[in-house]
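Welcome, and thanks for taking a look at this chain with us. Below is a short tour of a few charged side chains and strands.

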Amino acid sequence: MTATTGSAQKIARAYTEAWMSKDIGKALAYVADDAVCKAPNGTFEGKEGFQTFIGPFAGSLNGATLIDVLGDDTHAAAVYTLDAPFANDFPGMDYITVKDGLITQVLSHFDLSPLIQAGGNPQH
């Protein structure tokens, strides 16, 4: 499956909705082979790295709400809240870069302190 070209805002929305619904394969269809994800718990490279990061994380969620996706043709910010085993209404944001219709970088921002306070492992 190849992601269609379009604005970063549309691609970021589709990518975020896919991992939120735990459809990791669909989410990865929007990711370039050499993409990089930088998150509070590490840097993940390539599709395999994205799967290592998103798969366990999305699989552990009890729910997710996409608040909004703002962006233009090359960059977007997806703002969301998650219901995780360690906290409900847990806020997060991804700043997404898109080139040639695929995600090339995600800067994922969230506070790990609720996970750590609950005794969880921030490295997954």
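## Ground rules

A salt bridge here is a side-chain nitrogen of Lys or Arg within 4 Å of a carboxyl oxygen of Asp or Glu. Please keep in mind that this is a predicted model, in which local features need pLDDT of at least 70 and side-chain atom pairs count only at pLDDT 80 or more, while totals for chains, interfaces and linings use all residues. Residues are numbered from 1 along each chain as its sequence is written, and side-chain values use heavy atoms, with hydrogens and water left out.

## A network around arginine 13

How many salt bridges does the structure hold? There are 2, and they link Arg13, Glu17 and Asp68 in a network.

Let's begin with aspartate 68, which forms a salt bridge with arginine 13; their closest N and O atoms are 3.9 Å apart. This pair ties together distant parts of the chain, since aspartate 68 sits in strand 3 (residues 63–71) and arginine 13 in helix 1, 55 residues apart. Helices (H or I, at least four residues) and strands (E, at least two) are DSSP runs, numbered from the N terminus.

The other partner is glutamate 17, whose salt bridge with arginine 13 also has its closest N and O atoms 3.9 Å apart. Glutamate 17 and arginine 13 are separated by about one helical turn because they lie 4 residues apart in helix 1 (residues 8–20).

## How open is the network?

Are these side chains buried or exposed, or something in between? Buried means under 20% relative accessible area, exposed over 50%, and partly exposed in between (1.4 Å probe, protein chains only). Arginine 13 has 31% relative accessibility and so counts as partly exposed. Glutamate 17, at 40%, is partly exposed, and aspartate 68 is partly exposed with 32%.

## A hairpin of two strands

Strand 1 (residues 31–39) and strand 2 (residues 42–45) run antiparallel and are joined by 4 bridges; two strands pair if DSSP finds at least two bridges between them. Together they make a hairpin with 2 residues between the strands.

## Aspartate 89

Our last stop is aspartate 89 in strand 5 (residues 87–99). With a relative accessible area of 56%, aspartate 89 is exposed. Leaving aside neighbours within four places in sequence, aspartate 89 is in contact (heavy atoms within 4.5 Å) with Thr81, Leu82 and Asp83. Its C-alpha atom is separated by 8.4 Å from that of alanine 64, 25 residues apart along the chain.
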